Amino acid sequence: MALGFGKKRQVRSDPVKSEFVFVGSNEYNEMITDNYMRLSDSPEIRMGVERIVDMVSSMTIQLMKNTEKGDIRVSNKLSRVVDIEPNQYMTRKNFISWIVRTLLLEGGGNAVVRPIFNGIELQSLMPIPPNKTSFNLGDYDYTISVDSIEYDPSTLLHFSINPEPDRPFVGSGYKVSLKDLTDNLKQSYVTKKAFMKSEYLPSVIISMDTDTNELSSEEGREEIEKRFFKRKKVGAPWIVPQGIADVRTLKPLTLQDLAINEAVEIDKKTVASLLGVPPFLLGVGTYNKDEYNNFVNTRILSIAQSIQQTMNKLILDPTMYFNFNPRSLYNYSLTDMTTAGVQMVSVNALRRNELRNWVGMPPDPDMDDLLVLENYLQQKDIQNQMKLVQNQGKGGEE
């Protein structure tokens, strides 16, 4: 198929190759690192991304249909492929996990999936590895190349996040924003590891009143150590002539002295802010229920909406759409769910079996009936309340 597009620039999502820089001595190799680190290799970034991945992939994907009385859920072949079995090799959770992880890390804000049809019926959704895809950008359009074969974007599912002004058709990742933070966090771990080894500063310094020539060589220093400071019995005191040696102890610098912990905490908070996750998910600060629920309402649902809106391209019926259900992600206590459910049951807005489903209990046939208090009546039936009828009867007798 000939595609009449203008001049294009190719944008590949290939991972950057590692570049290793070696420095002179072993001590500097341990204290300083300039080696390339992928974002997925950083523990903090990995923790934040995996939390987002796990939460988005845990939501069910519902196929909804507009009706006059509200939107209802539809179950058919299309909904089964998207929500249960996207292909013969993957579950829904693994499939959505791949999409989100590719968007945030390896794909640089883009993930491409190939839908396979049998006529007009969707059969499966096959993910395409990001290193096999590239985007050919024109001024007002673009195409997607998969293994050097050019495709119209309408024939594929192209998921994207964070579109940039000069390339609105494709997304962008976090590699540039997080690069310096990744380097800082890696350097802090290398420094901490080096200090934990305690190989750089001795804890004891001994000044000897002896000939300088004896101390000028390693052999001379070892001889003095054997002569004065080594005992056959471990823990035995040193016995030296008075005035021949001055022993001093040194307190080496600690990580607190170097402000390593404070720097790491600041970098973790910045990583959390860029990824849109609460800092306590990266080990900084304490858990906050409201902050967690806000995380679900903002970051999680934002990514979910990008995915569901792209999947809507699979639907031919304009009255249908896909929708992620986030209710299971919110941090509800059993008391909160029961209280809310009882209130809805009392106004006839919820069946008791639906409430049992909320709290993880099986349905009970005796719970299908709707219970309505006498006071909750339609406006036209207000005069039929028992209290009013009784009062009217009493008034008539008087």
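Q: How are H2 and H9 oriented to each other, roughly parallel or roughly perpendicular?
A: In this predicted model, helix H2 (residues 43-58) packs against helix H9 (residues 289-311) with the axes 10 Å apart and at an angle of about 70°. Angles of 65 to 115 degrees count as roughly perpendicular. H2 and H9 are therefore roughly perpendicular.

Q: How are H4 and H9 oriented to each other, roughly parallel or roughly perpendicular?
A: The axes of H4 and H9 come within 12 Å and cross at roughly 110°. The range that counts as roughly perpendicular runs from 65 to 115 degrees. H4 and H9 are therefore roughly perpendicular.

Q: Which residues in H9 are met by H4?
A: The H4 side of this contact consists of Phe 95, Ile 96, Ile 99, Val 100 and Leu 104. Counting the residues of both helices, the contact divides into eight nonpolar, no polar and one charged. The residues met in H9 are Arg 299, Ile 303, Ile 307 and Met 311.

Q: Across which strands does helix H4 lie?
A: Helix H4 covers residues 92-106 and runs at about 145° to E4. The strands E5, E4 and E9 form, in that order, an open sheet with antiparallel pairing. Helix H4 lies across E4, E5 and E9.

Q: What is the bridge partner of Ala 111 in E9?
A: Strand E4 (residues 110-118) and E9 run antiparallel and are joined by four bridges. In E9, the residue bridged to Ala 111 is Phe 159.

Q: Which residue in E3 stands opposite Leu 63?
A: Another open sheet of three strands has the order E3-E2-E12, with antiparallel pairing, and its edge strands are strand E3 (72-74) and strand E12 (320-325). The twist in this sheet averages 50° from one strand to the next. Strand E2 (residues 60-65) is joined to E3 by three bridges, and the residue in E3 opposite Leu 63 is Val 74.

Q: Is Asp 83 buried or exposed?
A: Asp 83 has its place in helix H3 (residues 77-83), and not counting residues up to four places away in sequence, Asp 83 touches Thr 60, Ile 61, Arg 73 and Arg 92. Buried means under 20% relative accessible area. Because its relative accessibility is 12%, Asp 83 counts as buried.

Q: At what distance does a polar contact join the side chains of Asp 83 and Arg 92?
A: The side chain of Asp 83 reaches the backbone nitrogen of Ile 61 at 2.8 Å. A further polar contact links the side chain of Asp 83 to that of Arg 92, and its distance is 2.6 Å.

Q: Which backbone oxygen does the side chain of Asn 87 reach?
A: Asn 87 is found in the loop between H3 and H4, and with a relative accessible area of 3% this residue is buried. Leaving aside neighbours within four places in sequence, Asn 87 is in contact with Phe 95, Ser 124, Leu 125, Met 126 and Pro 127. At 2.8 Å, the side chain of Asn 87 reaches the backbone oxygen of Leu 125.

Q: What separates the C-alpha atoms of Val 345 and Leu 370?
A: Val 345 is found in helix H10 (residues 334-346) and, at 13% relative accessibility, counts as buried. Along the chain, Val 345 and Leu 370 are 25 residues apart, while the separation of their C-alpha atoms is 7.9 Å.

How values were computed
Residues numbered from 1 in each chain as written. Predicted model: local features only at pLDDT ≥ 70, side-chain atom pairs only at ≥ 80, totals over all residues. Heavy atoms only, no water. Helix = DSSP H or I, 4+ residues; strand = E, 2+ residues; numbered from the N terminus. Buried < 20%, exposed > 50% of the residue type's maximum accessible area, 1.4 Å probe, protein only. Polar contact = N/O pair within 3.5 Å; in protein donor to acceptor, adjacent residues only side chain to side chain. Contact = heavy atoms within 4.5 Å. Axes fitted to C-alpha atoms, helices over the stretch in contact; angles between N-to-C directions. Parallel < 35°, antiparallel > 145°, perpendicular 65-115°, else oblique. Pairing = 2+ DSSP bridges. Nonpolar A, V, L, I, M, F, W, Y, C, P; charged D, E, K, R; others polar.
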